[in-house]
Amino acid sequence: MASAYPDDLARFVEERIAERPEAAAMPGSARALLAGERLRELLAVAYHATFLREEERPVTFRLLAAEPACIPARVREEGPLQVLPFGTQRPLTVQELRRLAPAAKLMRSLVGVGRQNGSLAIWGIVHSGTGWLSPVFGGRRRGDGLPPLPTVLASGPGRLLVGLGDAVVATLRDGRITEPVQDVFSSAWLPALFQDARGDVMRVHGERMAALGVPVRPVGSDVVRMVGQHFVRRLVSTIRAARHGGTLLLVPPACAAGIAHDDSYVRLKYRFDDGAGRRRFRRILLAILERLATTSPGPPGEPVGWEDFATSQDPVIQELEEALFELAHFVATLADVDGAVVLTKTFELVGFGGEIRGELPLVANVARALDAEGHHVDLEPTDAVGTRHRSVYRIASVFPDALCIVVSQDGAARVVHAPGGVVTYWDQFTGFGLDG
């Protein structure tokens with residue numbers, strides 16, 4: 001198959017944009033940058049800039065392809081964006097992007113691009129902060145995100161992502177164009193795998209609230225689900241950033257008890273004694289639930305959900321969230337030691353430096369999921385991947401109720417599970433081109 005280039009991406013984006021109602025609602029000046037010569041020029045300049053370096057630093061950036069006037073006044077004046085136009089616009093060139101990239105860090109800012117005298121020009125910088133990355137790195141939502149205006153994210157040589165605000169339209173990577181790809185966290189099967197663990201947490205929380213003897217607001221199980229999900233996102237993103245790779249095994253408590261005392265499946269070099277330290281995640285989670293139940297504004301009896309947690313300004317909630325993410329960073333550092341980190345599905349820390357036994361049955365073929373639910377798969381042999389991946393496939397075949405996550409040194413993450421006894425993997429993409 002022939003490699004794709006910016007012109008191909010431009011044609012692909014034009015076709016997809018025509019199907020999006022939010023594109024039709026955009027101001028005309030912004031919509032004009034998503035079609036024809038202007039779009040091809042925008043993507044070509046961005047593409048070629050990704051191959052440059054600035055003082056030995058890779059050139060990465062985000063572009064906001066819209067005039068300052070296209071940004072709603074409420075967002076500019078009261079929202080999370082800090083819009084800073086230049087006194088004199090600069091031409092949009094490869095070298096100008098190279099020079100500006102260090103001042104407009106990809107994670108926090110965008111370079112504003114519009115038209116001046118018929119040509120593309122850089123009009124300033126838009127500081128967004130890192131709230132837009134919460135779907136990638138985990139955490140409560142920070143602000144309202146970007147308005148649905150054209151964006152281009154350049155995260156590495158030849159790697160472009162075109163979006164409308166925070167929504168992905170298409171990516172160009174490794175010479176291939178793809179549409180938004182799977183996020184396994186959006187599946188139905190993954191929450192179902194942790195249903196018993198959530199039920200246990202909700203039972204303990206309910207008993208504690210009953211013992212208080214005061215009116216409280218019931219907390220929905222979606223809070224438990226989403227807190228756990230964002231904890232795993234932070235874990236994976238931290239391992240990715242370390243560029244060492246690592247393996248996480250999340251197993252049912254009964255399996256964890258076996259692994260902790262039996263080397264038949266995983267030989268743990270560093271086992272943690274049973275105690276409160278192993279269950280820190282559970283303690284923090286229960287503290288979050290209690291705080292939400294007892295202090296969230298609203299009438300007693302009205303449910304508290306994830307949205308209440310995500311938008312809470314309570315300093316205690318913020319401290320508890322930071323404690324969770326500090327724990328996630330700590331667990332991620334354990335993955336820097338060769339071998340698997342073993343946790344239960346309630347995120348109880350069993351041990352690390354786990355060697356998955358080579359005597360386990362060989363998995364000759366594995367299913368590659370083509371969608372988040374795994375309804376469509378391709379079978380492929382396992383001899384094309386390394387030892388780390390093959391060992392994870394073996395342990396998944398033995399523990400079909402386990403969830404395994406393997407992160408390569410290049411940052412690619414793979415989620416492995418064995419529904420119906422068929423070892424299946426999902427390539428977990430962030431959707432923002434930050435996958436290594």
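At what angle do helix 10 and helix 12 pack, and how far apart are their axes? In this predicted model, helix 10 (residues 221-242) and helix 12 (residues 280-295) pack at about 135°, and 11 Å lies between their axes. An angle over 145 degrees would count as roughly antiparallel, so this pair ends up as oblique instead. As for handedness, helix 10 passes helix 12 in a right-handed crossing. On the helix 10 side, the residues that meet the partner are Val223, Val224, Val227, Gly228 and Phe231. Helix 12 answers with Phe281, Leu285, Leu289 and Leu292. Sorted by class, that contact has 8 nonpolar residues, 1 polar residue and no charged ones.

Helix 12 also packs against helix 14 (residues 315-334), at an angle of about 165° and with the axes 10 Å apart. Since angles over 145 degrees count as roughly antiparallel, helix 12 and helix 14 are therefore described that way. Their crossing is left-handed. Here helix 12 brings Arg280, Phe281, Ile284, Ala287, Ile288, Arg291 and Leu292 to the contact.

Helix 1 (residues 6-17) and helix 4 (residues 36-49) have axes that come within 9 Å and cross at roughly 135°. That angle makes helix 1 oblique to helix 4, and the crossing is right-handed. From helix 1, the residues involved are Pro6, Asp7, Leu9, Ala10, Val13 and Glu14. They meet Gly36, Leu39, Arg40, Leu43, Ala44 and Tyr47 in helix 4. By class, the contact of helix 1 with helix 4 comes to 8 nonpolar, 1 polar and 3 charged residues.

Next come the nonpolar cores. The largest of them holds 55 residues, and Val341 and Leu403 are the members that touch the most others. What does Leu403 touch, once its neighbours within four places in sequence are set aside? Its contacts include Trp189, Leu190, Leu193 and Phe194, along with the run Leu248, Leu249 and Leu250. Val415, Val416 and His417 are also in contact with Leu403.

Pro252 is found in the loop between strand 11 (246-251) and helix 11 (253-261). Is this proline buried or exposed? With a relative accessibility of 15%, Pro252 falls under the 20% cut-off and so counts as buried. In sequence Pro252 and Thr344 are 92 residues apart, yet in space their C-alpha atoms are 5.5 Å apart. Beyond its neighbours within four places in sequence, Pro252 is in contact with Lys345, Asp401 and Ala402.

Asn365 gives another picture. This residue lies in strand 15 (residues 365-369), and its 47% relative accessibility makes it partly exposed. Asn365 and Tyr270 are 95 residues apart in sequence, and their C-alpha atoms are 31 Å apart in space. With neighbours within four places in sequence left out, the contacts of Asn365 are Glu380, Pro381 and Thr382.

Finally, a look at backbone angles. Most residues other than glycine have a negative phi. Glu55 has a positive one, near 50°, and sits in the loop between strand 1 (53-54) and strand 2 (57-58). Its relative accessible area is 65%, so Glu55 is exposed. Asp174 has a positive phi too, near 55°. The loop that holds Asp174 runs between strand 9 (167-173) and strand 10 (176-178). At 63% relative accessibility, Asp174 likewise counts as exposed.

Methods:
Residues are numbered from 1 along each chain as its sequence is written. This is a predicted model: local features need pLDDT of at least 70, side-chain atom pairs count only at pLDDT 80 or more; totals for chains, interfaces and linings use all residues. Side-chain values use heavy atoms; hydrogens and water are left out. A nonpolar core is a set of buried Ala, Val, Leu, Ile, Met, Phe, Trp, Tyr and Cys residues joined through side-chain atoms within 4.5 Å. Buried means under 20% relative accessible area, exposed over 50%, partly exposed in between (1.4 Å probe, protein chains only). Contact means heavy atoms within 4.5 Å. Axes are lines fitted to C-alpha atoms, for helices over the stretch in contact, and angles run from 0 to 180 degrees between N-to-C directions. Helices (H or I, at least four residues) and strands (E, at least two) are DSSP runs, numbered from the N terminus. Angles under 35 degrees count as roughly parallel, over 145 as roughly antiparallel, 65 to 115 as roughly perpendicular and the rest as oblique. A crossing is left-handed if the near helix is turned anticlockwise from the far one by less than a right angle, and right-handed if clockwise. Ala, Val, Leu, Ile, Met, Phe, Trp, Tyr, Cys and Pro count as nonpolar, Asp, Glu, Lys and Arg as charged, and the others, Gly among them, as polar.
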